[in-house]
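Please load the model in a viewer and keep the sequence panel open beside it.

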Amino acid sequence: MAEDSDLDKTEEPTGRRIDQAREQGQVPHSRELGSFLILIVASAGFWMMGGWFAQRAMAIVRKGFAIEPQYAREPALMLPRLGEISWDALVVFSPLFGLLLVAAILPPFFMNAWIFSTKALVPDLSRLNPLTGLGRMFSWNSLMELGKAVLKALLIGGIAAMLIWKERDEIFGLLAEPLELGLAHAGHLVTYSFIILVATLILLVVVDVPFQFWQYFDKLKMTKEEVKQELKEMMGDPHVKGRIRSLQMQAARRRMMAAVPQANVIVTNPTHYAVALSYSAGMSAPKVVAKGVGAVALKIRELGAEHSVPLLEAPPLARALYKHAELDAEIPSALYNAVAEVLAYIYQLANWRQVGGAYPVQPRDLPIPPELVPEAT
């Protein structure tokens, strides 16, 4: 069979396919979102702390250009002096570096792509294939990147031209201002213009992020055959099978316990077995609504006691019903007579509770075929 082409991949990726891709380090990634966050955080930092940065930077520059005799006489002191000035500069700009570090690691959180996978670091020699490289150069993704680059250049260039034209009077006015005032004014203009330019990048982010999600899930699409094969593999996994069986048993047990309060009678062993029977007009035969042994039998008896369901100790019948009657199914025909006597007793007991009279006699030696009665346990 020929390999499935991309045109055959019409099915959305399954959860397992997405998890496998994440394990390989394949997650949606938007360069525009990362660039926008870093630039907007940098511009906000300069806007809020620009004056403090400028003052501290000027102090460091003055300190660096100060001529002290001991440094001129002893050149060995110049290197420690340079280290001291460099450290001062690092301390001054460390808040900005910290903000930029936070901004650099935020994009994966916004795109639910924060993972750590060593598989993405494994060298892939196929990337050195020149034919593969040419294919990437002329791929749909490369065309989109080229379109975004052109759009970004036109957008930022147009906004920059508008800002320069709008602020042309203030820009030329800087020439007539004193040095310190002019520097402060110029810094304000640069920061303001930078924030406006960065803010325009949000238009690219709004377009790029949904496109990256669409492209990511489109690459992970599967063929119908792949979906079937994955389902077979998952169903064949013994852990998955065990989990499915466990969930099915839990659901069946919940349904069974919910039916106990509506039962007419619970036949017990009296401790090892418990079988709840239900019968109403229109039914062809009584039906088993719950059955169990051990802890399940105890739970059935407890629920029956809580909802005033009559209990009858009939060990042979309880064992026969548990062995040969299916849950939510009618009892075997061979047990009709025995169960009929039990139900007659239950109806007599209910009538005695309402009107009184002689207490009904509990049935003994129920007619049960010997071959239906398993050995007592």
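Is Glu12 buried or exposed? Select Glu12: with a relative accessible area of 52%, this residue is exposed. Here buried means under 20% relative accessible area, exposed over 50%, and partly exposed in between, with a 1.4 Å probe and protein chains only.

**Basis of the values**

This is a predicted model, in which local features need pLDDT of at least 70 and side-chain atom pairs count only at pLDDT 80 or more, while totals for chains, interfaces and linings use all residues. Residues are numbered from 1 along each chain as its sequence is written, and side-chain values use heavy atoms, with hydrogens and water left out.

**Whole chain**

Display the chain as a cartoon: 15 helices and 4 strands are present. Helices (H or I, at least four residues) and strands (E, at least two) are DSSP runs, numbered from the N terminus. Of the 377 residues, 27% count as buried. A contact is a pair of heavy atoms within 4.5 Å. Among contacts with a separation of 6 or more, 74% are between residues 24 or more positions apart.

**Salt bridges**

A salt bridge is a side-chain nitrogen of Lys or Arg within 4 Å of a carboxyl oxygen of Asp or Glu, and the structure holds 3 of them. Glu12 and Lys221 form one, with the closest N and O atoms 3.9 Å apart. This pair links distant parts of the chain, 209 residues apart: Glu12 belongs to the segment before helix 1 (15-23), and Lys221 to the loop between helix 10 (202-219) and helix 11 (224-236).

Asp218 is partly exposed, with a relative accessible area of 33%.

Next select Glu226 and Arg17, whose side chains meet in a salt bridge at 3.6 Å, N to O. This pair, too, links distant parts of the chain, with Glu226 in helix 11 and Arg17 in helix 1, 209 residues apart. Arg17 is buried at a relative accessible area of 19%, whereas Glu226 is partly exposed at 27%.

**Annotated spans**

Colour residues 33-54, 89-110, 146-165 and 189-214, where UniProt, in an unreviewed entry, places the feature "transmembrane region". UniProt positions are given in the numbering used here, feature names are shortened, and annotations may be inferred rather than shown by experiment. Residues 33-54 are 100% helix and 0% strand, and their end C-alpha atoms lie 29 Å apart. For residues 146-165, also 100% helix and 0% strand, the end C-alpha atoms lie 28 Å apart.

**Aromatic rings**

Show the rings of Phe, Tyr and Trp (for Trp, the six-membered ring); they pair if their centres lie within 6.5 Å, and planes under 30 degrees apart count as stacked, over 60 as edge-to-face and the rest as tilted. The structure holds 4 aromatic pairs. In one of them, the rings of Tyr216 and Phe217 have centres 5.2 Å apart and planes at 75 degrees, so the pair is edge-to-face. Tyr216 counts as buried at 10% relative accessibility, while Phe217 is partly exposed at 32%. Trp352 and Tyr359 are likewise edge-to-face, because their ring centres lie 4.8 Å apart and their planes are at 80 degrees.

Now select Trp165 and Arg168. A charge sits over a ring if NZ of Lys or CZ of Arg is within 6 Å of the ring centre and within 35 degrees of the ring normal. The charged end of Arg168 sits over the ring of Trp165, 4.0 Å from its centre. Lys291 lies over the face of Tyr322, 5.2 Å from the ring centre.

**Nonpolar core**

Finally, select Leu277, Leu317, Leu321, Leu335 and Val339, the residues with the most contacts inside the largest nonpolar core, which has 25 residues. Such a core is a set of buried Ala, Val, Leu, Ile, Met, Phe, Trp, Tyr and Cys residues joined through side-chain atoms within 4.5 Å. Strand 1, strand 2, helix 14 and helix 15 each give two or more residues to this core, and helix 15 contributes the largest share, 7 residues.

Highlight helix 14 (residues 315-324), whose buried residues are Leu317, Ala318, Arg319, Ala320 and Leu321. These pack against strand 1 (265-268), strand 2 (273-278) and helix 15 (336-355).
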